[in-house]
Amino acid sequence: MSLLKVGNLKAEVEGNEILKGINLEVKPGEIHAIMGPNGSGKSTLSKVIAGHPDYELTSGELEFNINGKMQDISELEAYERARDGIFLGFQYPIEVPGVTNIGFMRESFNALCEHQGAELMGEEEFRDFVKTKLPALNMSEEFLDRAVNEGFSGGEKKKNEILQMLIMNPRLALLDETDSGLDIDALKTVADGVNSMKSKFNAFVLVTHYQRLLDYIQPDFVHVLYKGKIIKSGGKELALELEKKGYDWLIEESKQ
Amino acid sequence: MSFETKIKEEYKWGFETNIEREEFPKGLNEDIVRLISKKKNEPEWLLDYRLKAFKIWKEMEHPTWQYSTIPEIDFEDLYYYASPKGTKEAPKSLDELDPELLETFEKLGIPLQEQKRISGVAVDAVFDSVSLGTTWKEDLEKAGVIFCSISEAVEKHPELVKKYLGSVVPPTDNFYAALNAAVFSDGSFVYIPKGVTCPMDLSTYFRINAKETGQFERTLIVADDDSYVNYLEGCTAPQRDENQLHAAIVEIVALDNAEVKYSTVQNWYAGDKEGKGGIFNFVTKRGICKCVNSKISWTQVEAGSAITWKYPSCILQGDNSEGAFYSVALTNHMMQADTGTKMVHIGKNTKSTIISKGISAEQSENVYRGLVKIMPSAKNARNYSQCDSMLIGDKCAANTFPYIDVKNPTATVEHEASTSKISADQLFYLQSRGVDPEKAISLIVNGFCKDVFKTLPLEFSVEAVKLIEMKLENSVG
């Protein structure tokens, strides 16, 4: 049974085709890494799966497992996809001045609860719940009462994304360059967060430039994206090869 | 920008109360002024005051410096006085009011009857040109607080009214101040005696009901030495196709160590999406910190009216006195707002704070205009101003006109300004966390306004948040 199925997917923004026929299948319990040079469409792919309204799907399939059935999600709004279990960790998390981090997370958490018919959480109960997630991420409680991402350092923003992911506990987490701009300690912390959530019921798609994240999170599959297409898929050894040889040999290979 | 704006058409306060009314003939002349004064059994001095003001008004030209486009107003085609019939003699208690009127206010969420009245807030209910009455009167009287309609104050406390009426906003101040001084009908009067902290919040609720009628109410608040009062103002009007004029004056006087907090949630009918109808809200609000250590703060949430044109201001005359202006002005559809404040520093060590948040959606125009004036006498005066604008969609506009005039070198004046736009990325971020677009906008907007909302009393702040949410409902698709 799949969790996510992307079939020959094409997408454009303002008339420019960015994704030119992507095929990707993700099953529960798997970790996929999407790599590739700048401008290959990696970030676009994660945004398209999460439902960014700026991107138009022109053809192909986008299916997600909802209630045990593969369903077309291409027409669902981003918030509906989130409620059904898709999470996108942002490369550049957005600041929301005046809105407390914890208030925002509770809004989000309760939106998910409501959708799933679960009981909503009150303020205090929710704070206690969130507090249990902080030590693993090396975050202090003070973060909860600050405005969402406002004045956060790059590393703090990324940790905050992982915190939100742990709270929302999605079935599919798309992490868009979560490793960029992190020092080695923060990178480990982020990886620990991912590994602690990993189970046979959920899956991760990591968009990354560098092999180093994959030292801490073991991918089952590595895909190389180039000019809107996956030109090579393999196991984690592919990432190591890329680290050594760069992308050029693959690009050459794909042209033949 | 892939989200397009839609329109919220419903204005739930737009109903009309069918009640027999009494009004004077349309148009404005000396006879009408005399008639209003006579109707209210006013003393000679007040009639003189009105007639002088009328003369001044007649000589004045309508101002043209405002940013808003104001259609020409035919002052001869307005009613200057309207009242529900039978309210000439004030009812002994609010329970005796016409049930239609009681129901109107109940619908507006302001029950006036003895058993239902809101605890902790005394309300003066003003319907068209008259005050219907005031709740919690006896309790306030025990504390020595005078809270009644201005007409009643003229009758019962003429010395106070005579002393302070027009002392902050004289008829010569501006076109609409002169007009108001000539034809003002009703409004609230507050006097807090020396050393008294008003035992409850005071509130006036203004309701325009009658057609083609101008509302010209007048509020006067005097806080004597060492006193404190928290005053709230709310306003709504029926939904009509024609514009209606609301030209009020609010004057505040704070004496030694006195503190007055004045909060407004303005939700007059704003017209439809094409800009048809709606209230012209042209109001002069000004307070004077007359003596040492006094404080006046204005908080306004301006969410209605076709055109809002007002600058609640503070004259900081007493040494160490403080003025504050906290404002959220929201415009959508075709609404226009030209609003801000004036802080005039005269006394030593005077301090002022200005926090203005403008939100524009649709094709609306939102202007912040402010003046910080430091007079030569204002040694060590300090001002901090922050003016932020937020745009929703790409057809609206925001402008900021800050004027700073410093005549004392020891003064410190700071001004910060920003303009932001709710971007598709910001909305997407919130949505990717399961938050629907409407909630996302309201979170962003409420976060933006937080510094102002937190200065409102709790119930008002809840109401303000709801109002802003409702006004922006469906503004993103």
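1. In this predicted model, strand β16 of chain B, residues 313-316, runs parallel to strand β18 of chain B, residues 336-345, and is joined to β18(B) by three bridges. Within this pairing, the residue that stands opposite Cys314(B) is Met343(B) in β18(B).

2. β16(B) also pairs with strand β13 of chain B, residues 278-289, again in the parallel sense and over four bridges. Here Leu316(B) in β16(B) is the bridge partner of Cys289(B). As for burial, both faces of β16(B) are covered, with Ser313(B) and Ile315(B) buried on one side and Cys314(B) and Leu316(B) buried on the other.

3. Further along chain B, strand β19 (residues 351-361) has ten of its eleven residues buried, and it is therefore largely enclosed by the rest of the structure. Strand β17 of chain B, residues 322-331, runs parallel to β19(B) and is joined to it by ten bridges, and in β19(B) it is Ser352(B) that Gly323(B) stands opposite. β19(B) also pairs with strand β21 of chain B, residues 382-392, in the parallel sense and over eleven bridges; in that pairing Ala361(B) stands opposite Ile392(B) in β21(B).

4. Turning to chain A, helix α1 (residues 42-50) is mostly covered, since nine of its nine residues are buried by the criterion of 20 or more other C-beta atoms within 10 Å. The buried residues of α1(A) include Lys42(A) and Lys47(A) as well as Leu45(A), Val48(A) and Ile49(A). The helix is followed by Gly51(A), for which phi is positive, near 100 degrees.

5. The contact between the chains draws 24 residues from chain A and 20 residues from chain B. On the side of chain A that touches chain B, at least two residues each are supplied by α2 (78-83), β7 (96-100), α3 (101-115) and α6 (154-168) of chain A, and the largest share, five residues, comes from α3(A). Sorted by class, this side of chain A has 16 nonpolar, four polar and four charged residues.

6. The crossing of α3(A) and α6(A) is right-handed. In α3(A), the residues Asn101(A), Met105(A), Ser108(A), Phe109(A) and Leu112(A) meet Asn160(A), Gln164(A), Ile167(A) and Met168(A) in α6(A), and by class this contact has five nonpolar, four polar and no charged residues.

7. α3(A) also packs against helix α4 of chain A, residues 123-131, at an angle of about 100 degrees and with the axes 11 Å apart, which makes α3(A) roughly perpendicular to α4(A). Ile102(A), Met105(A), Arg106(A) and Phe109(A) of α3(A) meet Glu123(A), Phe126(A), Arg127(A) and Val130(A) of α4(A). The contact of α3(A) with α4(A) has five nonpolar, no polar and three charged residues, whereas the contact of α3(A) with α6(A) has four polar and no charged residues.

Notes
Residues are numbered from 1 along each chain as its sequence is written. Chains are lettered from A and ligands numbered from 1 in the order in which they are written. This is a predicted model: local features need pLDDT of at least 70, side-chain atom pairs count only at pLDDT 80 or more; totals for chains, interfaces and linings use all residues. A residue is buried if 20 or more other C-beta atoms lie within 10 Å of its own, exposed if 12 or fewer, and partly exposed in between; C-beta atoms are placed from the backbone. Two strands pair if DSSP finds at least two bridges between them. Two residues are in contact if their C-beta atoms, placed from the backbone, lie within 7 Å. Ala, Val, Leu, Ile, Met, Phe, Trp, Tyr, Cys and Pro count as nonpolar, Asp, Glu, Lys and Arg as charged, and the others, Gly among them, as polar. A crossing is left-handed if the near helix is turned anticlockwise from the far one by less than a right angle, and right-handed if clockwise. Axes are lines fitted to C-alpha atoms, for helices over the stretch in contact, and angles run from 0 to 180 degrees between N-to-C directions. Angles under 35 degrees count as roughly parallel, over 145 as roughly antiparallel, 65 to 115 as roughly perpendicular and the rest as oblique.
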